Amino acid sequence: PTHVPLRQEASAGGRYDVVPVGRRLDTGAALELRLGMLARHTAVFAGSGSGKTVFLRRLVEECALHGVSSIVLDSNNDLARLGDPWPAPPAGWNADDPGKAARYFAESEVVVWTPGRSRGRPLSFQPLPDFAAVLDDRDELESALGLAVASLAPRANVSGDTAKARKGKAVLRQALEHFARSGGGGFPAFLGMLAALPFEASRIDRADIIAAELGQLLTAATINDPLFAGDGEPVDPARLLTPSAGRRARVSVVSLVGLNEDARPGFVSRLQMALFSWIKRNPARDRPLTGLYVMDEAQALVPATPKTEALASTLTLASQARKYGLGLVFATQAPRGLHNQIAGNATTQFIGRLNSPTQISVVQALARARGGRADRVGRLETGQFYAVSDGVPEVLIR
């Protein structure tokens, strides 16, 4: 999608490519990061009462003022109010903040998505592509059929390498091609066709019986997983990151409170795979940052152990997204529980107050690896953070 910012937001020093992240405690000078630095990823380690949530909000808001949209994973409903103005100016605002807040609310839009809940704006994963758009191109049709088979095969129990699985996958593919060439339609229409597969759809013996069984398994999948082919809006990164006409940026807050703990990693994995495919087709090109992806409470989705369904796609994003201009922000109260490759892929790190001696020792080891110490991390006040980045040695900021 094309994107033309309404206005570039200048920093206090007059630069247009930086975001302020705080003021140094030693000199009072503003600490600013280049937008392009955020594409090399950020980690935020801070406990309860540290000001972590406010920091994440401010980072998203500052990026939005530059026309950079965000996807924010909200595990505890802490970030759903990114679209709500303060009832009164909070303590600590400087003279520029009321004007910046007004521009943020006037020029940005916040959409809260609610997967797993019918109220609000539910999301779902639609397993069938738009076959009508690729019918005239054999190569594109083959690609679309391959993606559809890959999506449906595990749920139809034909993803293995047994003779039965290979036969079932072949029937599934032939049924999909017949469905596409017969006019297609939604997933319920495809399930209906599987229940009574036309004779000409497949050359395999007893294909109609195999297709009926596949249809039953896929129907069961829609019952067991409401996000699979559900009634919510299809998960589309372009929709999540593209603002409406007249707005500079969209902040898509994806509330995970409607999903149980077991369902969250699977949802996040599928979202991230879709996001990775989208950024490869839509790289930043001449922009320093094409978007921001924020994962709060990251230790629950990509823990050190055990492996979760979201781990592989997260590590792929962490290692590849910077090439396409997507910035990742991982925040956690429990750095010891976070997979070690997450911190290793973050060029910029912020460390706020932590109370657990175990967690303190972990972040101090991370700080030493970057030439710092974070020796006062257990005594920091709310809103105070150690900051370190490329070209920025460890410094305390508020």
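1. **A charge over a ring.** R155 sits over the face of F228, 4.2 Å from the ring centre. A charge counts as over a ring if NZ of Lys or CZ of Arg is within 6 Å of the ring centre and within 35 degrees of the ring normal. R121 lies over the face of W113, at 4.6 Å from the ring centre.

2. **What kind of model this is.** This is a predicted model, in which local features need pLDDT of at least 70 and side-chain atom pairs count only at pLDDT 80 or more, while totals for chains, interfaces and linings use all residues. Residues are numbered from 1 along each chain as its sequence is written, and side-chain values use heavy atoms, with hydrogens and water left out.

3. **Overall build.** The protein chain has 12 helices and 13 strands. Both are DSSP runs numbered from the N terminus: helices are H or I with at least four residues, strands are E with at least two. The C-alpha atoms fill a box of roughly 80 × 45 × 35 Å, taken along the principal axes. A compact globule of 398 residues would have a radius of gyration near 21 Å; this chain has 24 Å, which agrees. That radius is taken over C-alpha atoms, and the globule rule is 2.2 Å times the number of residues to the power 0.38.

4. **Burial.** Of the 398 residues in the protein chain, 49% are buried. Buried means under 20% relative accessible area, exposed means over 50%, and partly exposed is in between (1.4 Å probe, protein chains only).

5. **Aromatic pairs.** How many aromatic pairs does a search of the whole structure find? The search finds eight. Rings of Phe, Tyr and Trp (its six-membered ring) pair if their centres lie within 6.5 Å; planes under 30 degrees apart are stacked, over 60 edge-to-face, and the rest tilted. F55 and F350 have ring centres 4.7 Å apart and planes at 55°, so this pair is tilted. F55 belongs to helix α2 (residues 52-65) and F350 to strand β11 (residues 348-351), so the pair ties together parts 295 residues apart in sequence. Both F55 and F350 are buried. Elsewhere, ring pairs link F179, F187, F190 and F228 into a cluster. F228 is also the ring that R155 lies over.

6. **The cavity.** Rolling a probe the size of a water molecule over the atoms shows where empty space is left. A search of the whole structure finds one cavity of 30 Å³ or more. On a 1 Å grid over the protein atoms alone, a cavity is a set of points where a 1.4 Å probe fits but cannot get out; lining residues have an atom within 4 Å of a point. The largest cavity holds about 60 Å³ of space. Grid points are joined across faces, edges and corners, and the volume is the space filled by probe spheres set on the points.

7. **What lines it.** Among the lining residues of the largest cavity are F350, L366, R370, Y386 and E394. Strand β11, helix α12 (357-369) and strand β12 (385-389) each supply at least two lining residues. Which classes make up the lining? There are seven nonpolar, two polar and two charged residues. Here Ala, Val, Leu, Ile, Met, Phe, Trp, Tyr, Cys and Pro count as nonpolar, Asp, Glu, Lys and Arg as charged, and the others, Gly among them, as polar.

8. **Backbone details in loops.** A cis peptide bond joins T305 and P306, with omega about -10°. P306 is in the loop between β9 (291-295) and α10 (311-320). E297 is found in the loop between β9 and α10 too. Its phi is near 50°, a positive value in a residue other than glycine. E297 counts as buried at 8% relative accessibility. A374 lies in the loop between α12 and β12. Phi of A374 is near 50°, and A374 is likewise a residue other than glycine. At 0% relative accessibility, A374 is buried.

9. **Helix α4.** E140 is in helix α4 (residues 138-152). Is E140 buried or partly exposed? E140 is partly exposed, at 42% relative accessible area. V149 lies in helix α4 as well, and is buried at 8%. From V149 to N340 the C-alpha distance is 34 Å, across 191 residues of sequence.

10. **Helix α12.** S361 lies in helix α12 and is partly exposed, with a relative accessible area of 38%.

Terms used
1 Å grid on protein atoms, 1.4 Å probe; cavity = no way out; pocket = protein on both sides within 12 Å on 5 of 7 lines; lining within 4 Å.
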